[in-house]
Amino acid sequence: MRVSVIGCGHLGIPHAAAMAEIGHEVIGVDLDQARIDRLNAGESPIYEEGLPELLAAHTASGRLRFTTSLAEAAEAAEFADVHFLAVGTPIDADGRSYDTGQVFGAARALAPHLTRPTVIIGKSTVTVGTTRDLAALLARLSPAGEEVEVVWNPEFLREGHAIDDTLRPDRIVVGVPSPRAEDAVREVYAPLLANGIPPFVTDPATAELIKGAANAYLGMKISFINGVADMCAAAGADVQQLTEAIGLDPRIGRGGLNAGPGYGGGCLPKDVRAFTASARTLGATEAATLLRAAEEVNESRPTAALKLIEQTLGRSVDGVRGLRDAEQRAKLPQRQVGAPVRGDQQHPVFQRQAPRSASTNLVSSLVPQLCHERAETAGGQPGERGYPGRLRRRDHTSHGGSLTCFRPWLVC
């Protein structure tokens, strides 16, 4: 098949390369000229394992190309049988819901060129109801009218593993409005389905909620074990042994059940926040309360990490440059860098990377200093082989907390 991928960022680039890998002819569209130049040269502007090799192979063969030209984007509408929307959906100005301006802006830019029956496949994470509103917009603006159908096909990618997660996912979730749209999705993913990857076909609203629910559950699971870690610290219990024991229950599972500095990355914090807002909007107040509690636990992790480090050192870190400042920064609400991009204001094909979580930044600044102090005590030198390894568990386990398990969970 011939497909276009609109939006060439952390979602769109791996998806375009993966679609070329399974045999499709692909054109990627974005406005960042420097990025497009690198992509057409077969170079990856982002880190994803296996991505450079796919880009080099498929740009050289001509199966994969990228453009910034609006004229070529218009040509892409005639070129492609299926259009993937992979633009960014950062947190809106209210700090709670998604800014879908780039999604609707990309649809407006594409609509005048949709002159024949076409399927639009959304990949971005969106608020429930977006597919319905996007379909109504395209029916109104495109020459093909209601022959343009919108499918929602959320991604479940881990940072650094996007290629593997696209080519070998544990499931393919698609929310479809009609059998014709389902047939188009099955055709585009036919090589993956032939390898036994299960499709999960539902209506668009359910598909939209599946993505939010998945990440919200991961966030709650991480916050739960961090809350239990606080209980272990107060009781003098071992949170790691507790985690191993309860993880043996198949109803609970071990995956993702690690006490640490909380969840972070470009997707998980905003997805939990937006899913909480959706629960409140839909009138599910008890669900919103539960989700908000998970957020509050996550927001408390920088202070918890700081306390554990102070207990480990046996003194306050008030005099250590940057640590208390990092804690204060961690308490600030996270915001997407840059003003929201509205489709009516400028062309929306941009990808902006969200900042790392406050807790991830805090621990990143704390642990090297702690390692340095411990290593100096032991006579080590920075750069020496095994230097960070001088932090042994018996040196830094205190009241059930352990720095060995303080690791960020970067999940999209």
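## Helix 1 against helix 3

Start with who touches whom: on the helix 1 side the contact uses I13, P14, A17, A20 and E21, and on the helix 3 side it uses L51, L54, L55 and H58. Sorted by class, that gives 7 nonpolar, 1 polar and 1 charged residues. Keep in mind that this is a predicted model.

Now the geometry. Helix 1 covers residues 12-21 and helix 3 covers residues 51-61; their axes are 9 Å apart and the packing angle is about 55°. Because of that angle, helix 1 counts as oblique to helix 3. The two cross in a left-handed way.

## Helix 12 against helix 13

Helix 12 brings V272, R273, F275, T276, A279 and R280 to the contact, while helix 13 answers with T285, A287, A288, L291, R292 and E295. The class tally for this contact reads 6 nonpolar, 2 polar and 4 charged residues.

## Helix 10 against helix 13

Helix 13 has another partner to look at. How closely do the axes of helix 10 and helix 13 approach, and at what angle do they cross? They come within 9 Å and cross at roughly 55°, with helix 10 spanning residues 204-235. That angle makes helix 10 oblique to helix 13. Here, too, the crossing is left-handed.

From helix 10, the residues in contact are A216, M220, S223, N226 and G227; from helix 13, they are L290, L291, A294, V297 and N298. This contact has 6 nonpolar and 4 polar residues, with no charged ones.

## Rings and a charge

On the aromatic side, the structure holds 1 aromatic pair. There is also a charge placed over a ring: the charged end of R171 sits over F156, 3.9 Å from the centre of that ring.

How values were computed: Residues numbered from 1 in each chain as written. Predicted model: local features only at pLDDT ≥ 70, side-chain atom pairs only at ≥ 80, totals over all residues. Heavy atoms only, no water. Contact = heavy atoms within 4.5 Å. Helix = DSSP H or I, 4+ residues; strand = E, 2+ residues; numbered from the N terminus. Nonpolar A, V, L, I, M, F, W, Y, C, P; charged D, E, K, R; others polar. Phe/Tyr/Trp six-rings, centres within 6.5 Å; stacked < 30°, edge-to-face > 60°. Lys NZ or Arg CZ within 6 Å of the ring centre and 35° of its normal. Axes fitted to C-alpha atoms, helices over the stretch in contact; angles between N-to-C directions. Parallel < 35°, antiparallel > 145°, perpendicular 65-115°, else oblique. Left-handed = near helix turned anticlockwise from the far one by under 90°.
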